[in-house]
Amino acid sequence: MKYSIRMRAAEGGSHEEGGRHISGAERILTEEEIKEVTNELIERALTHSKGRPDFIRITIDTIDEEAIQYIPALPSDTVHVDSMEEGRKEAVAFLTERGISQEAAQIGIRTLLDLDENMRGAVLLDARSGQRLDTKGMRGIRVTKMDFANPQEASNVLTNRGLPYIHHQEAVVLASKVLAAPGIVGELCWSDDPEYVAGYVSALKDGQGHYHRISQMKPLHSQNGGRVFFLDGSVPLAETIAYLEKQVVLVETPK
Ligand code: WAQ
Ligand code: MG
């Protein structure tokens, strides 16, 4: 039996009451692993650099193992930039080389820069017009029910590759699921954690997805951050959202 574990934490009340989003995480675990990892997630929520939450919710559901989809991890590379301005230009260039319009890519960057508080989920934008497609306001769409198929092995592989950061490792899982979703052709992200200035873009080229890590997307000590998913309109919006929120996905160890 496997379980989906999700954690979200906020300050100033729950998210529903307008509390400020502090942190969230999702894992897929066996029964033996649940207790230990639940403790880790609580510890992580309580010691987050964005502040101390007064609301923490842990949700645990069983999952149907027959429904698990196994997908490869996106291959990744890192580009080192000298400034956040250069980082954002690099993000736009990567996305526009992969079929996302200049306008949509720029709107994506602007949307994240304009956030004056953190969202819990992502903003969905049309990859051509840049128009917002979801109607979730400051909540956004939250991707859940995903993990590495073999978290320890995946973490070792990425650590040996010079990427020991939990931010990176979790982002590879999320980005791999997101780009596997029907109708999604790209993503833009940088962290809302004040000390983590790296971000990434991902997109498809000739059907192959790629994760492009960018060393700087924002100033140090800033809590600005978020996620934008770009959609091509090839499937109904509800189908994309159902995949993001409900499909159980395990990501294979990066090659
Ligand atoms: N579903 C949708 N949106 C999410 C989710 C999720 N499960 N988790 C986070 N977000 C959104 C939300 O708006 C957060 O405010 C924002 O993303 C940033 O979340 O390779 O750590 O967890 O080194 O702070 C980039 C890694 C790390 C770059 C990103 O995001 C690299 C990161 P954080
Ligand atoms: Mg964060």
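Helices here are DSSP runs of H or I with at least four residues, strands are runs of E with at least two, and both are numbered from the N terminus.

**Ground rules.** I am working from a predicted model, where local features need pLDDT of at least 70, side-chain atom pairs count only at pLDDT 80 or more, and totals for chains, interfaces and linings use all residues. Residues are numbered from 1 along each chain as its sequence is written, chains are lettered from A and ligands numbered from 1 in the order in which they are written, and side-chain values use heavy atoms, with hydrogens and water left out.

**Q216.** I looked up Q216 and found it in the loop between β10 (208-214) and β11 (226-231). Its relative accessibility is 23%, so I put it down as partly exposed. For my labels, buried means under 20% relative accessible area, exposed means over 50%, and partly exposed is in between (1.4 Å probe, protein chains only). I also checked Q216 against H80: the two are 136 residues apart in sequence, yet 7.6 Å apart in space, C-alpha to C-alpha.

Most residues other than glycine have a negative phi. H221 is in the loop between β10 and β11, and it is exposed at 66% relative accessible area. I noted D206 as well, with a positive phi near 50 degrees. D206 belongs to the loop between β9 and β10 and is exposed, at 82% relative accessible area.

**Magnesium.** Which residues are the protein donors of the magnesium ion (ligand 2)? I found D192 (OD) and D193 (OD), lying 2.1 Å from the ion. Donors here are N, O and S atoms within 2.8 Å of the metal (3.2 Å for Na, K and Ca); water is not among the atoms, so sites may look incomplete. Both D192 and D193 are buried.

**D192 again.** I then saw that D192 also forms a salt bridge with K50, the closest N and O atoms being 3.0 Å apart. D192 lies in the loop between β8 (184-190) and β9 (199-205) and K50 in the loop between α1 and β3, so the pair ties together parts 142 residues apart in sequence. My cut-off for a salt bridge is a side-chain nitrogen of Lys or Arg within 4 Å of a carboxyl oxygen of Asp or Glu. D192 has a relative accessible area of 15%, and K50 is buried at 3%.

**Other salt bridges.** How many salt bridges does a search of the whole structure find? I got 13. One of them joins the side chains of R6 and D61 at 2.8 Å, N to O. R6 is in strand β1 (residues 2-11) and D61 in strand β3 (residues 55-63), 55 residues apart, so I logged the pair as a link between distant parts of the chain. D61 is partly exposed at 25% relative accessibility. I also found R6, D61 and K145 linked in a network of salt bridges. E11 and R20 meet in a salt bridge too, at 3.1 Å, N to O. Here E11 is partly exposed at 31%, and R20 is partly exposed at 26%.
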